[in-house]
Amino acid sequence: MTGNHQSLALLLFLAFVALTLAITTLVSRRRRGSPEEFYAGGRLFSPMENGFAIAGDYMSAASFLGISGLIALYGYDGVLYSVGFLVAWLVVLLLVAELVRNCGRFTLADVLAARLGERRVRIAAGTSSVTVSVLYLVAQMVGAGSLVALLLGGTSDRARAWTVVGVGALMVVYVSLGGMRATTWIQIVKAVLLMGGTIALTTVLLVRFHGDLGALLTTAADRSGHGRDFLAPGLKYGGDLTARLDFISLGLALVLGTAGLPHILSRFYTVPTARAARRSVVWSIGLIGAFYLMTIVLGFGAAAVLGSHAVRASSPSGNTAVPLLALDLGGGAGSTGGTVLFAVVAAVAFATILAVVAGITLSSSAAVAHDLYATLSRRDGRDGRMPRSEVAVARVAAVGVGVVAIGLGLLAQDLNVAFLVGLAFAVAASANLPVLLYALFWHRFTTRGALWAVYGGLVPAVLLVTLSPVVSGAPDALFPGVDFHLVPLRNPGLVSIPLGFLAGWLGTVTSAERADPARYAETEVRALTGAGAV
């Protein structure tokens with residue numbers, strides 16, 4: 001990479017960092033220090049603002065870098081990620097958004113505690129939320145490392161490591177000082193930049209092929225090294241029975257996981273009413289749908305313009321396909337157009353990573369402080385000093401979560417970021433979604449059922465990942481030098497998601513406790529009408 005590319009990309013990235021730090025500083029001077037302000041931004045955002053923020057929170061490095069890279073390498077099979085990520089929002093819109101806003105206050109555990117035993121349920125939900133958030137954070141860290149390695153003209157482990165550390169430090173600053181209000185505005189700015197950059201790159205790509213998508217796909221197939229098979233299913237997931245089961249497992253995780261992501265659920269509390277939450281989702285679906293359609297075009301475009309072999313040579317996982325495509329579309333290395341387009345895409349990708357990690361860190365620190373700390377330290381439940389100390393603990397928790405994410409991000413540098421996010425979705429769909437749906441829709445659901453649903457999905461999901469080729473026994477594993485994998489599936493969703501639902505049902509029907517009909521009726525009325533909502 002030439003010095004011009006490096007300088008311009010770094011300049012644009014530093015401009016974004018300066019802007020976001022200015023937003024954070026401005027918000028920190030106005031904050032009141034209350035939990036509602038820190039966790040929910042005072043519930044003052046409009047549906048359009050929150051819709052842009054949700055889109056900014058959701059369109060991550062996995063979307064911008066990882067999905068396009070997978071499509072460039074595997075063609076049709078990579079498209080599953082785009083389709084799965086988008087279809088998942090129908091579940092959110094129809095089953096979750098409005099009801100969660102009415103029943104909760106700040107976190108997933110608030111929804112469950114409305115009708116179940118509070119202490120044990122909060123601890124379980126908080127533990128699950130932190131686990132999902134850390135997995136999601138690792139994906140963003142890996143994306144940041146890959147991008148900087150490309151920007152600096154090599155794959156220096158030192159450059160990647162310092163990038164991961166730097167992103168971690170920035171996310172802690174954003175969350176600790178600005179809370180939800182600053183995080184939301186950072187995500188809005190990022191969503192605008194990402195959509196603008198993606199539209200520009202897609203337009204330039206289509207102009208090169210004179211708007212002929214057929215010619216683009218044909219060229220992509222020819223340059224992929226796989227011929228027409230590149231445009232047919234089975235290149236990545238069709239080799240044997242295990243690969244096909246992995247395909248089904250991944251699809252389940254992507255479609256069902258979004259409704260259980262803590263940082264997405266927390267966004268519904270930043271608007272004043274349930275109706276505003278639903279309208280927020282409509283706004284976000286429009287933005288997200290357009291974005292994922294463009295990632296498909298960019299993925300096949302990278303294969304057509306660069307060739308799959310060139311993408312794989314730069315990054316075996318395909319994470320650098322979009323920046324390299326921008327460089328070529330602009331005129332190639334050394335050209336002014338290539339320098340500008342590459343710099344813009346690299347800076348937008350950086351902005352994407354920073355904004356997403358801020359939102360995830362905030363939701364995980366809220367789970368630690370609001371669910372775990374407040375529950376474990378509460379004595380009589382009426383300690384007037386608790387709210388302020390809870391916010392202080394949330395800021396400290398942001399530092400702890402950042403340190404853990406940095407450490408895991410350094411270990412997982414060679415994995416595809418979209419694949420890592422798929423694991424986070426699998427855990428969310430296994431542990432969070434079953435308990436959430438049962439609590440909202442099943443009148444017999446009990447506290448024991450909730451605990452079994454969370455742990456019955458969370459523990460198998462984490463265990464299956466630990467014993468899979470993702471961690472050991474494969475060249476691209478976290479620990480390639482050892483082999484203790486026992487499970488052939490790389491994504492646990494096919495097994496762990498049904499186990500989560502089964503465990504919740506089994507825990508309920510075998511429980512001596514009986515559900516309180518009055519509390520369920522109260523929760524149902526509150527969920528459907530908003531009466532009594534915070």
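This is a predicted model: local features need pLDDT of at least 70, side-chain atom pairs count only at pLDDT 80 or more; totals for chains, interfaces and linings use all residues.

**Working through the model**

Tutor: The backbone oxygen of P272 lies 3.0 Å from a polar atom of the side chain of R101. Residues are numbered from 1 along each chain, and side-chain values use heavy atoms, without hydrogens or water.

Student: Which helix is R101 in?
Tutor: R101 sits in helix α5, residues 76-103. A helix here is a DSSP run of H or I, at least four residues, numbered from the N terminus.

Student: Is R101 buried or exposed?
Tutor: R101 is buried, that is, under 20% relative accessible area with a 1.4 Å probe on protein chains only; over 50% is exposed, and in between is partly exposed. R101 has no salt bridge, meaning a side-chain nitrogen of Lys or Arg within 4 Å of a carboxyl oxygen of Asp or Glu. The nearest side chain of opposite charge is E36, 7.3 Å away; Lys and Arg count as positive, Asp and Glu as negative, and His and chain ends are left out.

Student: How many salt bridges does the structure hold?
Tutor: The structure holds six. One of them joins R278 and E98, with the closest N and O atoms 2.7 Å apart. R278 is in helix α12 and E98 in helix α5, so that pair links parts of the chain 180 residues apart. Both ends are partly exposed: R278 at 31% relative accessible area and E98 at 22%.

Student: What about R122 and D110?
Tutor: Their side chains also meet in a salt bridge, at 2.7 Å from N to O. R122 is in helix α7 (residues 118-151) and D110 in helix α6 (residues 108-113), so the pair ties together parts twelve residues apart in sequence. R122 is buried at 7% relative accessibility, and D110 is buried with a relative accessible area of 7%.

Student: And what does R208 form a salt bridge with?
Tutor: With D328, the closest N and O atoms being 2.9 Å apart. R208 lies in helix α8 (residues 157-208) and D328 in helix α14, so this pair ties together parts 120 residues apart in sequence. R208 is partly exposed at 40%, and so is D328 at 28%. Elsewhere, salt bridges that share partners join D110, R122 and D371 into one network.

Student: New topic: why is α14 largely enclosed?
Tutor: Helix α14 covers residues 321-329, and eight of its nine residues are buried, so the rest of the structure largely encloses it. Among the buried ones are A321, P323, L325 and L329. Just after α14, G331 takes a positive phi of about 130°.

Student: At what angle do α12 and α14 cross?
Tutor: Roughly 60°, with their axes coming within 9 Å. Axes are lines fitted to C-alpha atoms over the stretch in contact, and angles run from 0 to 180 degrees between N-to-C directions. The two helices are therefore oblique to each other: under 35 degrees is roughly parallel, over 145 roughly antiparallel, 65 to 115 roughly perpendicular, and the rest oblique.

Student: And α18 and α19, how do they cross?
Tutor: Helix α18 (residues 447-466) and helix α19 (residues 493-509) cross at roughly 155°, their axes coming within 7 Å. They are therefore roughly antiparallel to each other.

Technical notes
A polar contact is a pair of N or O atoms within 3.5 Å; within protein, one must be able to donate a hydrogen and the other to accept it, and residues adjacent in sequence count only if both atoms are side-chain atoms.
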